[in-house]
Amino acid sequence: VATVERLATAAGVRPVVAPYAVTRRVGEVTLQVLWPPPTQPRVGPGDGSTANDASVVMLATVRGVRLLLTGDIEPRSQEALARSLTGLRVDVLKVPHHGSRFQDREFLTSLRARVALVSAGADNDYGHPPEETLEPLRETGAQVLRTDLDGDLLVVEREGRISTRTSR
């Protein structure tokens with residue numbers, strides 16, 4: 001965090017906590033902050049779950065394409081989001097927490113994403129992402145792409161259609 005603050009200050013930017021439930025437009029992109037709510041603890045003891053659950057979750061919409069950016073939220077927060085966002089459908093899902101095995105699969109599959117992106121380092125010590133996380137997404141028809149196997153991931157919208165490209 002200190003490095004981010006230092007770099008932001010050097011660039012003349014003042015970092016702020018993402019304002020819950022605020023929608024902003026940046027060029028063609030509309031960003032809506034869906035998580036964390038103001039009552040969500042941001043620091044706490046333990047294995048990092050508190051910090052993971054304080055991840056910013058945003059819904060980004062550009063030219064009609066909806067992307068859900070989920071940070072590292074844990075299953076408990078995924079369940080809370082599912083309750084508050086009943087019926088949410090997205091085109092692109094950034095799978096939470098590097099595709100860890102700890103997911104609320106019902107929530108993730110209910111989104112009916114056409115593309116699911118997993119950001120995970122090659123040969124990471126955690127075994128992210130396991131097949132038990134990816135298979136339910138594939139079963140919904142999602143194209144699953146992973147940075148550890150596919151390299152850089154690109155989602156392109158053209159005339160209302162989305163396509164993907166990878167660097168491998």
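Which strands does helix H5 (residues 131–139) lie across, and at about what angle does it run to S7?

**View 1. Helix H5 against the sheet in the predicted model.** Helix H5, made up of residues 131–139, lies across strand S5 (92–94), strand S6 (115–118) and S7. Relative to S7, helix H5 runs at about 145°.

**View 2. The open sheet and its two edges.** Seven strands, in the order S1-S2-S3-S4-S5-S6-S7, form an open sheet whose pairing is mixed. Strand S1 (23–26) and strand S7 (143–146) each have a single partner strand and stand at the edges, so one side of each is left without a neighbour in the sheet. From one strand to the next, the twist averages 20°.

**View 3. Strand S2 between S1 and S3.** Strand S2 (residues 29–35) runs antiparallel to S1, to which it is joined by four bridges, and in this pairing Val26 stands opposite Val29 in S2. Strand S2 is also joined to strand S3 (residues 57–62), here by six bridges and again in an antiparallel arrangement, with Leu31 standing opposite Ala60 in S3.

**View 4. The hairpin of S3 and S4.** Strand S3 and strand S4 (residues 65–69) run antiparallel and are joined by five bridges, one of the paired positions being Thr61, whose bridge partner in S4 is Arg66. The two strands form a hairpin with two residues between them, and in the turn Arg63 has a positive phi of about 50°.

Terms used:
Residues numbered from 1 in each chain as written. Predicted model: local features only at pLDDT ≥ 70, side-chain atom pairs only at ≥ 80, totals over all residues. Heavy atoms only, no water. Pairing = 2+ DSSP bridges. Axes fitted to C-alpha atoms, helices over the stretch in contact; angles between N-to-C directions. Contact = heavy atoms within 4.5 Å.
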